[in-house]
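Welcome, and thanks for opening your viewer. Let's take a walk through this structure together, one selection after another.

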Amino acid sequence: MIIDGKAIAAQIKEEVKRKVELLEKKPRLDVIIVGDDAASAVYVRNKQAACAYTGIKSEVHALPASTSQEDVLALVRQLNECEDVSGILVQLPLPKHINEQAVICAISPQKDVDCFHPENVGRVSIGAPRFKPCTPAGIIELLKRSEIKMEGTLAVVIGRSNIVGKPLSSLLLAENATVITCHSKTANLAAIARQADILCAAVGKPKFVTADMVKEGAVVIDVGIHETGVFTQSGKRKMCGDVDFDNIVGKVSAITPVPGGVGPTTVAMLMKNCVASVVR
Ligand code: NAP
């Protein structure tokens, strides 16, 4: 089975849209983007489009790359105070002279729809989430809506970033999987990966997971997203993930493609968090 992330994301957004229609106070997402990183601009446009579709109000604050940390923090504080704003998202990465952690920590935890604030991270790890981390929560939805059982399975997560690997391990644990989190210092990584019933790759390295690292019949979730040097017939640059999809697809029971797998559900889960920001 090739897990259709686009279709699942469309379902989630449809559900969000119906919920928003019933809300008296509509959510409003304010996005801060600093600098002119092309990929970040695309991500922000996708978020705006999802907001427009679901009926969530959105504002983008585009600041020049030279903006000081103090000015970014001042804007965050202003949005924290603004009653109309229910969700605040700072698009990462920020320019090097700005301390990302300082900015994340300045966002009111009640408005932190990306679920990056330490308070919200802590709540996820004790099993009492206010918001759910978007990419990991999207992966859980992909598994649930594809009727893939997590309880009792061995899940191996390659990667321990604060954005993907660690929170994904927390959410899989909450679903009663037995979880092993691997990283760049893990010994015998391939042997550990080969035991996984559910293998999640969030490494940031193209085609890192090869066929010999995957058990026959396993479920493979590919979080990575990379541009390749190859172009499609329509002139678009082809993408690939952290998994060597072509050589693995024949041996697994289910796998997410890149693009069209994990990516679309990340934005859909952000929309869910925006609803949670007004429904207490
Ligand atoms: P990251 O912050 O760079 O973290 C990568 C992780 O992989 C680190 O924990 C690192 O270990 C580990 N790693 C690196 N080399 C390794 C190796 N040789 N063996 C084992 N582990 C290794 O990346 P990220 O933010 O988690 O993102 C991972 C990928 O997902 C990227 O391609 C990113 O673009 C993509 N992504 C996609 C979405 C989406 O919505 N689809 C969202 C976020 C990210 P150490 O901790 O030891 O350094």
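**First stop: two helices side by side**

Select H1 and helix H2 (residues 38-54): these two pack at an angle of about 50°, and their axes are 8 Å apart. Here helices (H or I, at least four residues) and strands (E, at least two) are DSSP runs, numbered from the N terminus. Axes are lines fitted to C-alpha atoms, for helices over the stretch in contact, and angles run from 0 to 180 degrees between N-to-C directions. The angle makes H1 oblique to H2; angles under 35 degrees count as roughly parallel, over 145 as roughly antiparallel, 65 to 115 as roughly perpendicular and the rest as oblique.

Now show the side chains. From H1, the contact takes in Lys-13, Glu-14, Val-16, Lys-17 and Val-20, and from H2 it takes in Ala-50, Tyr-53 and Thr-54; contact means heavy atoms within 4.5 Å. By class, this contact of H1 with H2 has four nonpolar, one polar and three charged residues. For these classes, Ala, Val, Leu, Ile, Met, Phe, Trp, Tyr, Cys and Pro count as nonpolar, Asp, Glu, Lys and Arg as charged, and the others, Gly among them, as polar.

A word on what you are looking at: this is a predicted model, in which local features need pLDDT of at least 70 and side-chain atom pairs count only at pLDDT 80 or more, while totals for chains, interfaces and linings use all residues. Residues are numbered from 1 along each chain as its sequence is written, and side-chain values use heavy atoms, with hydrogens and water left out.

**Second stop: helix H6**

H1 and H6 pack at an angle of about 105°, with 10 Å between their axes. That makes H1 roughly perpendicular to H6. To see the contact, pick Gly-5, Ile-8, Gln-11, Ile-12 and Glu-15 of H1, together with Glu-141, Leu-142 and Arg-145 of H6. The residues of this contact of H1 with H6 divide into three nonpolar, two polar and three charged.

Next, look at H6 by itself. Helix H6 covers residues 134-145, and at 1.5 Å a residue its 12 residues should span 16 Å; the end C-alpha atoms are 16 Å apart, which agrees. That expected span is 1.5 Å times one less than the number of residues.

Is H6 mostly enclosed or open? Of its 12 residues, 10 are buried, so H6 is largely enclosed by the rest of the structure. Buried means under 20% relative accessible area, exposed over 50%, and partly exposed in between (1.4 Å probe, protein chains only). Among the buried residues of H6 are Cys-134, Gly-138 and Leu-143. What covers the buried residues of H6 includes helix H1 (5-22), helix H7 (165-174), strand E7 (219-222) and helix H10 (262-276).

Pro-136, Ala-137, Ile-139, Ile-140 and Leu-143 in H6 meet Pro-167, Leu-168, Leu-171 and Leu-172 in H7. By class, this contact of H6 with H7 has nine nonpolar, no polar and no charged residues.

Go to Leu-29, in strand E1 (residues 28-34). Leu-29 counts as buried because its relative accessibility is 0%. Leu-29 and Ser-86 are 57 residues apart in sequence and 6.3 Å apart in space, C-alpha to C-alpha. Beyond its neighbours within four places in sequence, Leu-29 is in contact with residues including Cys-51, Ile-56, Leu-89, Val-113 and Leu-270.

**Last stop: some loops**

Glu-147 lies in the loop between H6 and strand E4 (154-158), and at 75% relative accessibility Glu-147 counts as exposed.

Jump to Asn-188, in the loop between strand E5 (178-182) and helix H8 (189-193). Phi of Asn-188 is near 55°, a positive value in a residue other than glycine. At 60% relative accessibility, Asn-188 counts as exposed.

Finish with two cis peptide bonds. One joins Leu-92 and Pro-93, with omega about 0°; Pro-93 sits in the loop between strand E3 (87-90) and helix H4 (100-106). Another joins Val-258 and Pro-259, again with omega about 0°, and Pro-259 is found in the loop between strand E10 (254-255) and H10.
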